[in-house]
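Try each task yourself before reading its solution.

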Amino acid sequence: MSLSLRVVIIEQDDDLRTAFEKIFGEYMGHKIVASLRNGKDGLSFLVGRDKFVDLVFVNLGLDYSGEEVIRKIKKLYPRIKTILSSGWSEEELEKAATSAGADGFISKPFDTDGLVKVVGEVFSN
């Protein structure tokens with residue numbers, strides 16, 4: 001993908017958050033604007049900074065539901081694209097993502113190529 005995106009990652013697991021930073025930043029060439037542990041911090045971060053964010057990658061199982069985080073982002077900042085991730089089955093995750101209004105979703109575990117594909121699909125629409 002030649003488009004360079006400004007990405008916020010919201011993931012409570014430190015190791016996964018670090019892995020996502022590397023995938024989005026080093027592998028895909030995007031700029032990590034913020035990498036946060038919980039949904040409330042993610043929503044707070046966006047206040048006044050939303051124009052500098054293209055994509056928010058959200059884990060479903062946050063302290064503050066990932067679904068609710070995406071609903072609020074879509075209500076307050078509709079131009080920001082969102083991807084929901086979880087270890088749930090793909091069917092359950094698709095239901096949650098659709099309900100929340102996410103632009104895309106991906107089930108864990110996933111490989112880098114799978115994430116690249118989902119991001120590409122989100123930004124080709």
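The exercises below look at strands, salt bridges, a peptide bond and a surface patch in this predicted model.

**Exercise 1. Work out how strand β4 (residues 81-86) is paired and whether it is enclosed or open.**

Step 1: Start on one side. Strand β3 (residues 55-59) runs parallel to β4, and five bridges join the two. To see one of them, find Val-56, whose bridge partner in β4 is Thr-82.

Step 2: Now take strand β5 (residues 104-107), which pairs with β4 over four bridges, again in the parallel sense. Here Ser-85 has Ile-106 in β5 as its bridge partner.

Step 3: Five of the six residues of β4 are buried, so the strand is largely enclosed by the rest of the structure.

**Exercise 2. Find the salt-bridge partner of Lys-108 and say which parts of the chain the pair ties together.**

Step 1: Look at the side chains. Lys-108 meets Glu-11 in a salt bridge, at 2.9 Å from N to O.

Step 2: Lys-108 sits in the loop between β5 and α5, while Glu-11 is in the loop between β1 (6-10) and α1 (14-27), so the bridge ties together parts that are 97 residues apart in sequence.

Step 3: Ask about cover. The cut-off for buried is under 20% relative accessible area. Lys-108 has 18%, so it counts as buried, and Glu-11 is buried too, at 1%.

Step 4: Stay with Lys-108 and look at the peptide bond to Pro-109: this one is cis, with omega near -5°. Most peptide bonds are trans. Pro-109 is also in the loop between β5 and α5 (112-124).

**Exercise 3. Which residues form the negative surface patch?**

Step 1: Pick out Glu-90, Glu-91, Glu-92 and Glu-94, which form the patch.

Step 2: Take Glu-91 as a check. This residue lies in helix α4 (residues 90-100) and counts as exposed, at 61% relative accessibility.

Methods:
Residues are numbered from 1 along each chain as its sequence is written. This is a predicted model: local features need pLDDT of at least 70, side-chain atom pairs count only at pLDDT 80 or more; totals for chains, interfaces and linings use all residues. Side-chain values use heavy atoms; hydrogens and water are left out. Patches are made of residues with over 30% relative accessible area and no salt bridge: like charges are joined within 9 Å, nonpolar side chains (Val, Leu, Ile, Met, Phe, Trp, Tyr) within 5 Å. Accessible areas come from the Shrake-Rupley method with a 1.4 Å probe; for residues, only the protein chains shown count as cover. A salt bridge is a side-chain nitrogen of Lys or Arg within 4 Å of a carboxyl oxygen of Asp or Glu. Lys and Arg count as positive and Asp and Glu as negative; His and the chain ends are not counted. The place of a charge is taken as NZ of Lys, CZ of Arg, CG of Asp or CD of Glu. Buried means under 20% relative accessible area, exposed over 50%, partly exposed in between (1.4 Å probe, protein chains only). Two strands pair if DSSP finds at least two bridges between them.
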